Amino acid sequence: ALDTACSSALVAVQLAMQSLRLGQSELALALGANLILHPSSMLGLAATQALSPDGRCRSFDAQAKGYVRAEGVGAVALARLDDARSRGWPVLAVIRGGAVNQDGRSTGLTTPNRLAQEELLRSALDDAGLSPDSLGYIEAHGTGTPLGDPIEIEALQAVMGAPRPDGSRLRVGSIKANVGHGEAMAGLSGLARLVLQLQRGRIYAHPHLRRLNPRLRLERSCLEIPAAALDWEEGE
């Protein structure tokens with residue numbers, strides 16, 4: 001059992017992946033759950049002004065004022081790719097790599113450390129053996145807080161946002177705008193959305209985006225938050 005707050009489910013996925021890589025297991029199940037069973041947690045979060053006053057998670061929007069809490073349960077089954085293929089198991093997606101680090105010093109829960117996020121992104125790309133310009137989509141944390149969203153976008157811009165010679169774009173979205181913030185299991189809902197988009201070859205529109213948060217300056221980068229659904233063409 002893990003508790004790393006909102007990253008718990010994806011840290012479970014990372015540890016499961018490491019177990020498979022080291023040969024410690026042949027099949028790993030990574031699960032996350034979030035149930036709101038007592039009002040005390042809601043009252044505590046409300047006191048921090050982290051929750052949206054209008055019942056909408058407006059990630060990346062100028063009206064973003066907090067997130068909406070969500071309940072949910074999710075699970076993924078992970079195996080080494082060769083093992084899955086040899087046993088005839090369905091392969092929904094391939095995880096190329098991952099990384100975990102610590103946020104370090106910051107001014108509060110809703111104002112993460114940008115430099116730590118940049119370091120994490122570089123470590124994940126290195127572990128996956130991928131370059132930033134090979135990516136087509138980022139499933140962001142995107143809580144819909146006035147400071148958290150810009151800090152996350154700034155980190156993405158620093159590591160992955162350089163304009164591309166071919167003019168292609170790196171789309172950014174967050175499932176929290178669709179279903180709210182599942183807290184401990186939020187990472188698995190984002191992972192599920194990413195897999196569905198891969199399977200369908202579509203990047204779906206980011207909801208509740210009326211006017212971009214003015215702190216998000218995307219003009220000189222390849223980042224784009226999709227206002228409408230678009231085809232996601234296969235790369236190499």
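Two aromatic rings of Phe, Tyr or Trp, the last taken by its six-membered ring, form a pair if their centres lie within 6.5 Å. With that criterion in mind, note that the structure open in the viewer is a predicted model, and that a search of the whole of it finds one aromatic pair.

Select tyrosine 137 and tryptophan 232 to begin. The centres of their rings are 5.8 Å apart and the planes meet at 55°, so the pair is tilted; planes would have to be over 60 degrees apart to count as edge-to-face. The pair links distant parts of the chain, 95 residues apart, since tyrosine 137 belongs to strand β3 (residues 137-139) and tryptophan 232 to the segment after β7 (230-231). Tyrosine 137 itself is buried, with a relative accessible area of 7%.

Next, select helix α5, residues 148-160, whose 13 residues reach 18 Å from the first C-alpha to the last, close to the 18 Å expected at 1.5 Å a residue. Ten of these 13 residues are buried, so the helix is largely enclosed by the rest of the structure; among them are Gly148, Asp149, Pro150, Leu156 and Met160. To see what covers the buried residues of α5, display elements including α4 (114-128), β3, β4 (170-173) and β6 (223-224).

Finally, move to serine 59, in the loop between α2 (39-47) and β2 (72-78). Serine 59 counts as buried because its relative accessibility is 0%. Leaving aside residues up to four places away in sequence, serine 59 touches Gly142, Thr143, Gly144, Asp149, Ser174, Lys176, Ala177, His206 and Leu209; of these, Asp149 is also one of the buried residues of α5.

Methods
Residues are numbered from 1 along each chain as its sequence is written. This is a predicted model: local features need pLDDT of at least 70, side-chain atom pairs count only at pLDDT 80 or more; totals for chains, interfaces and linings use all residues. Side-chain values use heavy atoms; hydrogens and water are left out. Helices (H or I, at least four residues) and strands (E, at least two) are DSSP runs, numbered from the N terminus. Buried means under 20% relative accessible area, exposed over 50%, partly exposed in between (1.4 Å probe, protein chains only). Contact means heavy atoms within 4.5 Å. Rings of Phe, Tyr and Trp (its six-membered ring) pair if their centres lie within 6.5 Å; planes under 30 degrees apart count as stacked, over 60 as edge-to-face and the rest as tilted. The expected span of a helix is 1.5 Å times one less than its number of residues.
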